[in-house]
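Here is a short report on one protein model. Look at the sequence and the structure before reading on.

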Amino acid sequence: MSRLQNLNFNNSYLGLPNHLYQRVHPTPLKNSFLISFNPDVAEILDIDPSSINPTELTRFLSGEQLFPGSEPLAMKYTGHQFGVYNPELGDGRGLLLGEVINPKGERWDLHLKGSGKTAFSRFGDGRAVLRSSIREYLASEAMHALRIPTTRALALVGSEDKAMREGMMEPCATVLRVTQCHIRFGHFEYLYQTQQHEELKVLADYCLERFFPECLETEKPYLAMYQEVAKRSAALVAKWQAYGFVHAVLNTDNMSLIGETFDYGPYTFLDSYKPALVSNANDHEGRYAFAKQPSVVQWNLSCLGQALLPLIERDDLIAVLDEFPNAYKEAELGEFRKRLGLQSIHDGDEKLVLDLLKLFAQQEMDMNRFFRCLSDFDGSENSVAALMALLKLPSALTNWLLAYEERLSKEVASRPIRRAQMRAVNPEFILRNYMAEEAIRAATDGDYTLVDNLLMLLRNPMAENSEFEHYSQSPPGWAGGICLTCSS
Ligand code: AMP
Ligand code: MG
């Protein structure tokens with residue numbers, strides 16, 4: 001196995017046209033310390049978790065020292081923010097430290113978020129604050145454990161340096177983000193909008209080879225790549241909708257080319273099902289409300305499609321975009337079938353799901369608690385009562401439950417098997433805003449144990465855990481008052 005000092009770096013991004021990046025080193029943070037590290041991600045990089053020396057890891061994440069083989073760079077990209085094209089974007093507070101190839105031959109990007117100013121920092125200070133870093137660190141692991149594609153995080157480091165956010169000084173931190181792809185829709189938008197069509201082709205060829213080699217076998221590789229991006233994006237947003245995840249800043253620069261949840265900001269898991277919920281106090285028009293996410297993703301794909309016009313025929317692009325709503329609907333139905341314990345496919349399934357979503361909205365239900373409870377449903381009075389306790393008006397569930405029981409009679413799996421299948425996809429624990437907030441408040445007072453505890457809990461969210469049972473219950477009253485913004 002490798003150690004931090006001898007990771008197998010191979011930095012292919014540097015071979016791309018140099019307009020696509022700026023070579024720049026991190027600006028070290030002062031008096032930094034390790035808050036948490038994630039053994040699962042260490043293993044991806046072939047690092048033996050027990051070999052990690054906290055002091056050494058801290059030096060790498062604070063920017064004091066570079067991993068041997070790292071050649072840091074800030075990526076240039078642009079994108080549509082809240083529907084408006086912004087040509088000035090790029091890594092303004094993070095750096096690609098380099099790419100590590102593990103023994104399986106997988107190429108993983110190491111990106112240090114909060115590493116100081118770059119050519120693309122604009123008015124920003126290049127830093128990430130502790131609050132937002134804890135949120136990103138926990139969310140990426142919580143999403144991964146729900147099998148929702150996401151970037152990962154190796155570790156979280158704090159510091160005595162401070163940065164100003166919304167009139168207050170807050171402690172700085174860094175997260176080492178790990179994923180196979182840091183290329184965003186906005187990378188292509190940058191090259192298209194600046195009419196660098198040759199470079200656009202170079203980038204597309206790079207992505208084909210690195211992320212979509214199977215598309216190279218097709219007649220129209222660029223089109224096949226775009227189809228694959230659309231398919232993965234539809235599958236991703238279907239999972240968000242099925243688990244009540246609100247990304248909150250779905251700008252095209254936050255859209256990963258490989259269909260991962262990317263750039264965690266003021267995200268939320270719904271405590272109660274509200275389709276119009278907006279999780280960013282700066283999003284005054286509600287552009288990124290929960291229920292709008294599928295159509296926003298389609299709109300974002302249209303921006304990517306426009307940027308690929310030099311490589312793909314317009315009619316082909318439009319056909320992919322037109323197919324998106326169907327692809328989304330099918331993926332969404334598939335997610336809900338799993339959550340409902342339905343292994344077979346029947347005509348009425350869509351209506352069963354739609355009726356349930358209507359009920360969720362009318363009763364402002366906690367969908368995740370409902371599905372967990374439904375996993376134990378056996379038709380007994382007790383199991384019906386447990387479900388009904390989750391509604392404001394319990395009797396509103398009666399008709400749906402009858403339809404569900406009727407539908408279950410068409411399934412072949414025995415009840416215990418179905419229960420196990422459902423409990424494997426319906427988590428006991430999800431990362432509610434207030435949980436992250438509790439960890440943030442404790443951390444601000446110098447106590448980081450809850451960050452680690454939540455990481456451990458959320459890595460295994462399907463299992464019961466008596467120590468943290470309270471986190472599987474309704475959130476406390478103050479949870480509704482948490483205000484999130486882009487700087488969150
Ligand atoms: P985000 O909202 O994190 O997706 O960031 C949008 C853009 O603003 C990206 O280009 C970031 O690099 C940049 N940005 C955000 N915060 C800062 C900061 N504190 N300093 C410099 N650039 C920033
Ligand atoms: Mg971003």
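## Domains

This model is predicted. The protein is divided into three parts: domain 1 (4-86 + 93-182), domain 2 (186-337) and domain 3 (341-423). Note how domain 1 is written as two stretches, 4-86 and 93-182.

## Where domain 2 meets domain 3

The C-alpha centres of domain 2 and domain 3 are 31 Å apart. Their contact takes 15 residues from domain 2 and 17 residues from domain 3.

How big is such an interface? The size is often given as the accessible area lost when the parts come together. Between domain 2 and domain 3, about 1,300 Å² is buried. Carbon and sulfur atoms give 61% of that area. Which residues of domain 2 lose the most area to domain 3? They are Tyr273, Phe336 and Arg337. Together these residues account for 55% of what the domain 2 side buries.

## Aromatic rings

The whole structure holds 24 aromatic pairs. Take Phe82 and Tyr288 as one example. Their ring centres are 5.0 Å apart.

Tyr288 has 2% and counts as buried.

Ring pairs also build a cluster. Its members are Tyr273, Phe290, Phe336, Phe360, Phe370, Phe371, Phe377, Trp400 and Tyr404.

## Charges over rings

The charged end of Arg177 sits over the ring of Phe262, 4.5 Å from the ring centre. Arg287 lies over the face of Trp299, and here the distance to the ring centre is 4.7 Å.

## The magnesium site

Which protein atoms are donors of the magnesium ion (ligand 2)? They are OD1 of Asn254 and OD of Asp263. These donors lie 1.9 to 2.1 Å from the ion.

Both residues are buried, because each has a relative accessible area under 20%. The value is 9% for Asn254 and 15% for Asp263.

Definitions and conventions:
Residues are numbered from 1 along each chain as its sequence is written. Chains are lettered from A and ligands numbered from 1 in the order in which they are written. This is a predicted model: local features need pLDDT of at least 70, side-chain atom pairs count only at pLDDT 80 or more; totals for chains, interfaces and linings use all residues. Side-chain values use heavy atoms; hydrogens and water are left out. Rings of Phe, Tyr and Trp (its six-membered ring) pair if their centres lie within 6.5 Å; planes under 30 degrees apart count as stacked, over 60 as edge-to-face and the rest as tilted. Buried means under 20% relative accessible area, exposed over 50%, partly exposed in between (1.4 Å probe, protein chains only). A charge sits over a ring if NZ of Lys or CZ of Arg is within 6 Å of the ring centre and within 35 degrees of the ring normal. Donors are N, O and S atoms within 2.8 Å of the metal (3.2 Å for Na, K and Ca); water is not among the atoms, so sites may look incomplete. Domain bounds come from an automatic or database domain assignment. Contact means heavy atoms within 4.5 Å. Buried area is the accessible area (1.4 Å probe) that two parts lose on being put together, summed over both.
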